[in-house]
Amino acid sequence: IKGKVEQVSGFTAEEYKKIAEAAKKSGSQKLFALIRLMRFGGLAILDAACLEREQIIRSGESYRVQLTSRQKTSKKLQPQMIDNAIPPDLGRDLVSVLNGNPRYVFWNRPGQDAAKSEEKRDAVKFWQKQVRALLDSAGFPSATSHKFRHTLAIEMIRHGGTFEDVAAALGNTVAVVAKFYSHEWSKVRQG
């Protein structure tokens, strides 16, 4: 019996560089920080767009993002803890993003609270449109924001990370990671 195995891919270093350059050209510090957060923090756009300032943890020159993500496992939402180190320059950029909202980093409505789920959906829709326009301008019309997350997972596997490591970084289960990234793990093992 053959089952459908879904294989995902991330951005290559050259593709990511092209996207980052397009983000810099856009002049939006927030957009550039958002794509870097998804790439190096492994966050889905929902978690990135609604990131709270208190979820950025600084220890000396090191930065981490710590949050509870609601990942879909089977038919119910399960809270999953994410605690990922991010590059220090990204941490400094996230802390310095000014948007008029003391609680949220990327929240695009000053003074609004993102507690209501429909307001979170509005924030995510706004940033999805921004990322979509960025990917189109960089020459990747079929790519999605989730590909940044895949990039982190694949890079972790290529550098010796286990399925457990990747699952912890993404806030997923080991079964989900094995389903989507086993092809990369096989390449590493064969190499």
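Biologist: Quick one to start: are Y16 and F148 buried or exposed?
Modeller: Y16 is buried, and F148 is buried too. Keep in mind that this is a predicted model.

Biologist: How buried is Y16, as a relative accessible area?
Modeller: Its relative accessible area is 13%. The cut-off for buried is under 20%, so Y16 counts as buried.

Biologist: OK, rings next. How many aromatic pairs are there in the whole structure?
Modeller: The search finds six. One of them is Y16 with F40, an edge-to-face pair with 5.9 Å centre to centre and 90° between the planes.

Biologist: Where in the chain do those two sit?
Modeller: Y16 is in helix α1 and F40 in helix α2, 24 residues apart, and the pair links distant parts of the chain.

Biologist: What does the pair of Y16 and F148 look like?
Modeller: That one is also edge-to-face. The centres are 6.4 Å apart, with 85° between the planes. F148 belongs to helix α6 (residues 146–158) and Y16 to helix α1, so this pair ties together parts that are 132 residues apart in sequence.

Biologist: Which residues do the ring pairs link into a cluster?
Modeller: F11, Y16, F40, F140 and F148.

Biologist: Which charged end sits over the ring of Y16?
Modeller: The one of R39, 6.0 Å from the ring centre.

Biologist: Switching to the helices. How do the axes of α1 and α2 cross?
Modeller: At roughly 155°, and the axes come within 8 Å. Helix α1 covers residues 13–26 and α2 covers residues 29–41. Angles over 145 count as roughly antiparallel, so that is what α1 is to α2.

Biologist: Which residues in α1 and α2 meet?
Modeller: From α1 you have Y16, I19, A20, A23, K24 and S26. Facing them in α2 are L31, F32, I35, R36, R39 and F40.

Biologist: How many of the residues in that contact are nonpolar, polar or charged?
Modeller: Eight are nonpolar, one is polar and three are charged.

Biologist: Last topic, the whole protein. How many helices and strands?
Modeller: Eight helices and three strands. From the N terminus the order is α-α-α-β-β-β-α-α-α-α-α.

Biologist: What share of the residues is buried?
Modeller: 43% of the 191 residues.

Biologist: And what percentage of the contacts join residues at least 24 apart?
Modeller: 57%, taken among contacts between residues at least 6 apart in sequence.

Note on methods:
Residues are numbered from 1 along each chain as its sequence is written. This is a predicted model: local features need pLDDT of at least 70, side-chain atom pairs count only at pLDDT 80 or more; totals for chains, interfaces and linings use all residues. Side-chain values use heavy atoms; hydrogens and water are left out. Axes are lines fitted to C-alpha atoms, for helices over the stretch in contact, and angles run from 0 to 180 degrees between N-to-C directions. Helices (H or I, at least four residues) and strands (E, at least two) are DSSP runs, numbered from the N terminus. Angles under 35 degrees count as roughly parallel, over 145 as roughly antiparallel, 65 to 115 as roughly perpendicular and the rest as oblique. Contact means heavy atoms within 4.5 Å. Ala, Val, Leu, Ile, Met, Phe, Trp, Tyr, Cys and Pro count as nonpolar, Asp, Glu, Lys and Arg as charged, and the others, Gly among them, as polar. Rings of Phe, Tyr and Trp (its six-membered ring) pair if their centres lie within 6.5 Å; planes under 30 degrees apart count as stacked, over 60 as edge-to-face and the rest as tilted. Buried means under 20% relative accessible area, exposed over 50%, partly exposed in between (1.4 Å probe, protein chains only). A charge sits over a ring if NZ of Lys or CZ of Arg is within 6 Å of the ring centre and within 35 degrees of the ring normal.
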